[in-house]
Each structure stands twice: as C-alpha cells, then as structure tokens.
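Dear colleague,

Please find below the structure I promised to hand over, with the sequence alongside. My notes on what was found in it follow directly after.

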Amino acid sequence: MDERRIAIGEAALDLAADGGNRAVTHGAVDKRLGLPKGSTSYYCRTRSDLLRTAIEHLRQRSRAAFDADVPRTVDRETAADLTARQLHLLLTDRRRDALARYALAPDALAEGLEADLATCLFSVPLASGLFAALGTVDPDRAAADLVSLLEGLLFDRLYGTRSLGPAKTEAESLADLREPIRRALNYGA
C-alpha cells in the first residue's frame, strides 16, 4: 500500500471510530488529511473502494502487531499470553482499530466486504496452524471456536456488560483475558 493509501486508510479508520460508518466519506477524508477536495476520490473512486482501503489498512496493522509479538516457539501457556496481549492491545493502544471495525460493519455488509472485515483482526488459518502445532485433534474447529471467543471477549469489553465495570489495570486486564483463552487453547488437547 503506498503512502497516500495508508494515510487514507488511517483517516477512514479515525473517522469510523469517532463518528460511525456514515462519517467515512471522501470529503471527510480529504478534510481530515488537509487535501484539496476530490483528492481521495482519485485514489478511491467509489465508497466501496474507500471502505476496501480502510479494511486492508486495518488488516495490515493487525498483521504487523501480531508479527511483532510472535515468539519463536509456542506452547499453550505462551500462546495464551500472546493472545491475551494482542486482545489487550485492541482494548487499549489499538482501541481505535476495534471501534472502527465495528463501525464499518453495516457498510461492509452492504458493499459485499463483510468477509474482508470479519477477518481483519483475527485469523482462523493462523489459529488453526497454532492448534495443529499444539497437537490438537481438530485444529480447524478449535481455531474457529477460539476466534469466536476472541470476538466475544472484544465486543463484551468494548460494548457489553464488562465495559460497564470499573477500569482495570493492565495486569488485571491481561489476567482476565488470559483465563478464557487458556481454557480455549486446551480444547482437544
């Protein structure tokens, strides 16, 4: 992705996280980036192109965050720690990304981009590879279940009942996330 598309993707994610899916327009991106009117339309001709750019940027950010944290060898405890850290990042440093992902869901569905959006934060194939490496009997099913769990944990902490409680320290948050993840990683062991 070239620098201008990266900037457009960043601006679109900021707009979605701050104002919801309808806040993401070509004109709003131009304004946010201080570009002349119509500049974003040069790179993303349609709204679908603009959404695709934002989603692809989100996917690349997620992959870079994951790749930066992956250890050389992984056992169940290390995997639980890594996964909890990645989820914690989505609740803190990468909160904007998680909020934008949910905000973009209605338009992604309308534009036929729901599969791209659904897989931009969590990867069933990577989880399946992890479960296979851990010797799980049915790694594909375990991976699908883990990703569903992660989706639920993220949503619950952003918008669900757990978002209503008092703020947690980083250590408390990681411990709270780690336990259900650890149980899921022991699935089929």
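I begin with Lys 37, which is found in the loop between α2 and α3. The model is a predicted one, and the remarks here should be read with that in mind. With a relative accessibility of 82%, Lys 37 counts as exposed, because the cut-off for that word is over 50%. If you look from Lys 37 towards Tyr 159, which lies 122 residues away along the chain, you will find the two C-alpha atoms separated by 35 Å.

In helix α3 you will find Tyr 42. Is Tyr 42 buried or exposed? Its relative accessible area is 58%, and Tyr 42 is therefore exposed, the limit for that being over 50%. The C-alpha atom of Tyr 42 is separated by 9.7 Å from that of His 26, and the two residues are 16 residues apart along the chain.

Although Glu 56 and Ile 6 are 50 residues apart along the chain, their C-alpha atoms are separated by 9.3 Å.

Helix α4 also meets helix α6 (residues 95–110), and the axes of the two come within 11 Å and cross at roughly 145°. The crossing in which α4 passes α6 is left-handed. On the α4 side the residues involved are Arg 47, Leu 51, Ala 54, Ile 55, Leu 58 and Arg 61, and on the α6 side they meet Arg 96, Asp 97, Arg 101, Leu 104, Asp 107 and Ala 108. Sorted by class, this contact of α4 with α6 has six nonpolar, no polar and six charged residues.

Helix α6 is also the place of Tyr 102. Leaving aside residues up to four places away in sequence, Tyr 102 touches Glu 151, Leu 154, Phe 155, Leu 158 and Tyr 159. Computed along the sequence, Tyr 102 and Gly 20 are 82 residues apart, while in space they are 8.6 Å apart, C-alpha to C-alpha.Next comes the pairing of helix α8 (residues 124–133) with α9, whose axes come within 8 Å and cross at roughly 125°. That angle makes α8 oblique to α9. In this case α8 passes α9 in a right-handed crossing. The contact is made by Val 124, Ala 127, Ser 128, Phe 131 and Ala 132 of α8, together with Pro 139, Asp 140, Ala 142, Ala 143, Ala 144, Leu 146 and Val 147 of α9. By class, the contact of α8 with α9 has 10 nonpolar, one polar and one charged residues.

Finally, helix α9 (residues 139–158) also meets helix α10 (residues 170–185), and their axes come within 10 Å and cross at roughly 165°. How do α9 and α10 run, roughly parallel or roughly antiparallel to each other? The angle counts as roughly antiparallel because the cut-off for that term is over 145 degrees. The crossing of α9 and α10 is right-handed. From α9, the residues Leu 146, Leu 149, Leu 150, Leu 153 and Arg 157 meet Asp 176, Leu 177, Pro 180, Ile 181, Ala 184 and Leu 185 from α10. By class, this contact has nine nonpolar, no polar and two charged residues.

Note on methods: Residues are numbered from 1 along each chain as its sequence is written. This is a predicted model: local features need pLDDT of at least 70, side-chain atom pairs count only at pLDDT 80 or more; totals for chains, interfaces and linings use all residues. Side-chain values use heavy atoms; hydrogens and water are left out. Axes are lines fitted to C-alpha atoms, for helices over the stretch in contact, and angles run from 0 to 180 degrees between N-to-C directions. Helices (H or I, at least four residues) and strands (E, at least two) are DSSP runs, numbered from the N terminus. Angles under 35 degrees count as roughly parallel, over 145 as roughly antiparallel, 65 to 115 as roughly perpendicular and the rest as oblique. A crossing is left-handed if the near helix is turned anticlockwise from the far one by less than a right angle, and right-handed if clockwise. Contact means heavy atoms within 4.5 Å. Ala, Val, Leu, Ile, Met, Phe, Trp, Tyr, Cys and Pro count as nonpolar, Asp, Glu, Lys and Arg as charged, and the others, Gly among them, as polar. Buried means under 20% relative accessible area, exposed over 50%, partly exposed in between (1.4 Å probe, protein chains only).
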